[in-house]
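Hi,

Here is the structure I promised to pass on.

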Amino acid sequence: ARAADDAVGTDQYAIRAFADALDDIPMALAENSGLSPIAHLSQVKAAQLATGASHLGVDCLQVGTNDMKHQHVFETLIGKQQQLLLATQVVKMILKIDDVIMNGNY
(Lines give C-alpha, C1' and ligand atoms only; values in the text may rest on other atoms or scores of the structure.)
Protein backbone atom coordinates (compact mmCIF):
# COMPACT_ATOMS: atom_id res chain seq x y z
CA ALA A 1 0.00 0.00 0.00
CA ARG A 2 3.01 2.31 0.42
CA ALA A 3 3.59 2.23 -3.33
CA ALA A 4 0.02 3.49 -3.84
CA ASP A 5 0.82 6.61 -1.82
CA ASP A 6 3.63 7.46 -4.25
CA ALA A 7 1.52 6.84 -7.37
CA VAL A 8 -0.63 9.51 -8.96
CA GLY A 9 -4.01 9.37 -10.66
CA THR A 10 -6.00 6.19 -11.09
CA ASP A 11 -2.86 4.04 -10.81
CA GLN A 12 -2.91 4.47 -7.05
CA TYR A 13 -6.34 2.83 -6.83
CA ALA A 14 -5.19 -0.16 -8.86
CA ILE A 15 -2.05 -0.54 -6.75
CA ARG A 16 -4.03 -0.30 -3.50
CA ALA A 17 -6.58 -2.86 -4.74
CA PHE A 18 -3.76 -5.23 -5.72
CA ALA A 19 -2.22 -4.85 -2.24
CA ASP A 20 -5.60 -5.51 -0.63
CA ALA A 21 -6.01 -8.63 -2.77
CA LEU A 22 -2.64 -9.91 -1.56
CA ASP A 23 -3.89 -9.55 2.03
CA ASP A 24 -6.59 -12.09 1.26
CA ILE A 25 -4.01 -14.89 1.06
CA PRO A 26 -2.95 -14.87 4.74
CA MET A 27 -6.57 -14.17 5.72
CA ALA A 28 -7.66 -17.37 3.95
CA LEU A 29 -4.79 -19.31 5.52
CA ALA A 30 -5.78 -18.15 8.99
CA GLU A 31 -9.47 -18.86 8.44
CA ASN A 32 -8.85 -22.32 7.00
CA SER A 33 -6.61 -23.11 9.98
CA GLY A 34 -9.41 -22.37 12.43
CA LEU A 35 -7.94 -19.08 13.59
CA SER A 36 -9.66 -15.73 13.80
CA PRO A 37 -8.44 -14.24 10.50
CA ILE A 38 -8.70 -10.54 11.32
CA ALA A 39 -7.25 -10.80 14.81
CA HIS A 40 -4.45 -13.14 13.76
CA LEU A 41 -3.47 -11.15 10.67
CA SER A 42 -3.41 -7.86 12.57
CA GLN A 43 -1.24 -9.51 15.25
CA VAL A 44 1.22 -10.81 12.64
CA LYS A 45 1.34 -7.46 10.81
CA ALA A 46 1.98 -5.61 14.08
CA ALA A 47 4.80 -8.02 14.91
CA GLN A 48 6.29 -7.57 11.42
CA LEU A 49 6.23 -3.79 11.77
CA ALA A 50 7.61 -3.87 15.33
CA THR A 51 10.48 -6.25 14.59
CA GLY A 52 11.06 -5.62 10.89
CA ALA A 53 11.05 -9.39 10.37
CA SER A 54 9.58 -10.28 7.00
CA HIS A 55 9.61 -14.01 7.76
CA LEU A 56 6.69 -13.88 10.20
CA GLY A 57 3.51 -15.49 8.96
CA VAL A 58 0.32 -17.34 9.83
CA ASP A 59 0.85 -20.20 12.29
CA CYS A 60 -1.33 -22.69 10.37
CA LEU A 61 0.01 -25.69 12.27
CA GLN A 62 -0.57 -23.88 15.57
CA VAL A 63 2.84 -24.79 17.00
CA GLY A 64 3.03 -21.53 18.92
CA THR A 65 5.33 -19.43 16.76
CA ASN A 66 4.75 -17.18 13.77
CA ASP A 67 8.41 -17.47 12.76
CA MET A 68 8.33 -19.32 9.45
CA LYS A 69 12.10 -19.95 9.60
CA HIS A 70 11.62 -21.78 12.89
CA GLN A 71 8.79 -23.83 11.36
CA HIS A 72 10.97 -24.59 8.31
CA VAL A 73 8.51 -22.98 5.89
CA PHE A 74 10.48 -21.67 2.93
CA GLU A 75 9.38 -20.41 -0.45
CA THR A 76 11.74 -19.47 -3.23
CA LEU A 77 11.68 -15.99 -4.72
CA ILE A 78 11.25 -17.33 -8.26
CA GLY A 79 8.27 -19.42 -7.11
CA LYS A 80 6.60 -16.41 -5.54
CA GLN A 81 7.29 -14.26 -8.62
CA GLN A 82 5.76 -16.87 -10.93
CA GLN A 83 2.66 -17.19 -8.73
CA LEU A 84 2.08 -13.44 -8.72
CA LEU A 85 2.69 -13.21 -12.46
CA LEU A 86 0.21 -16.00 -13.17
CA ALA A 87 -2.42 -14.51 -10.84
CA THR A 88 -2.02 -11.12 -12.50
CA GLN A 89 -2.36 -12.64 -15.97
CA VAL A 90 -5.53 -14.47 -14.94
CA VAL A 91 -7.07 -11.24 -13.62
CA LYS A 92 -6.18 -9.42 -16.86
CA MET A 93 -7.76 -12.21 -18.88
CA ILE A 94 -10.96 -12.08 -16.81
CA LEU A 95 -11.15 -8.30 -17.20
CA LYS A 96 -10.72 -8.59 -20.97
CA ILE A 97 -13.52 -11.17 -21.15
CA ASP A 98 -15.69 -8.87 -19.03
CA ASP A 99 -15.01 -5.97 -21.43
CA VAL A 100 -16.01 -8.10 -24.41
CA ILE A 101 -19.26 -9.15 -22.74
CA MET A 102 -20.05 -5.58 -21.64
CA ASN A 103 -19.45 -4.24 -25.16
CA GLY A 104 -21.54 -7.02 -26.67
CA ASN A 105 -24.53 -6.16 -24.42
CA TYR A 106 -25.32 -9.77 -23.50
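Let's start with the pocket: α2 supplies the largest share of the lining of the largest pocket, nine residues. Keep in mind throughout that this is a predicted model. The largest pocket holds about 1,700 Å³ of space. Its lining is made up of 38 residues, and those closest to the centre are L22, I25, P26, Q48 and K80. The elements giving two or more residues to that lining are α2, α3 and α4 (77-104). If you sort the lining of the largest pocket by class, you get 23 nonpolar, seven polar and eight charged residues.

Now for α2 itself. The helix has 22 residues and spans 32 Å from first C-alpha to last, close to the 32 Å expected at 1.5 Å a residue. Its buried residues are A19, P26 and A30, and they pack against α3.

Next, α3. This helix runs over residues 37-51, which makes 15 residues, and it reaches 21 Å between its first and last C-alpha, close to the 21 Å expected at 1.5 Å a residue. Which of its residues are buried? They are P37, H40, L41 and V44. Looking down the axis of α3, the buried residues fall within an arc of 95°, so they line one face of the helix.

α2 is followed by G34, with phi near 85°, and just after α3 comes G52, with phi of about 75°. G34 sits in the loop between α2 and α3. Is G34 buried or exposed? Its relative accessible area is 64%, so G34 is exposed.

Q62 lies in the loop between α3 and α4. Phi of Q62 is positive too, near 55°, and this residue is not a glycine. At 46% relative accessibility, Q62 counts as partly exposed.

H72, in the loop between α3 and α4, has a positive phi of about 60° despite not being a glycine. Its relative accessibility is 64%, so H72 counts as exposed.

Q71, also in the loop between α3 and α4, is the other one. Why does Q71 count as buried? Buried means under 20% relative accessible area, and Q71 comes in at 15%, so it counts as buried. Leaving out residues up to four places away in sequence, Q71 touches D59, L61, V63 and T65. For L61, the C-alpha atom is separated from that of Q71 by 9.0 Å, with the two residues ten apart along the chain.

That's everything from my side for now.

Cheers

Technical notes:
Residues numbered from 1 in each chain as written. Predicted model: local features only at pLDDT ≥ 70, side-chain atom pairs only at ≥ 80, totals over all residues. Heavy atoms only, no water. Helix = DSSP H or I, 4+ residues; strand = E, 2+ residues; numbered from the N terminus. Expected span 1.5 Å × (residues − 1). Buried < 20%, exposed > 50% of the residue type's maximum accessible area, 1.4 Å probe, protein only. Arc of directions from axis to C-beta. 1 Å grid on protein atoms, 1.4 Å probe; cavity = no way out; pocket = protein on both sides within 12 Å on 5 of 7 lines; lining within 4 Å. Points joined across faces, edges and corners; volume = space filled by probe spheres on them. Nonpolar A, V, L, I, M, F, W, Y, C, P; charged D, E, K, R; others polar. Contact = heavy atoms within 4.5 Å.
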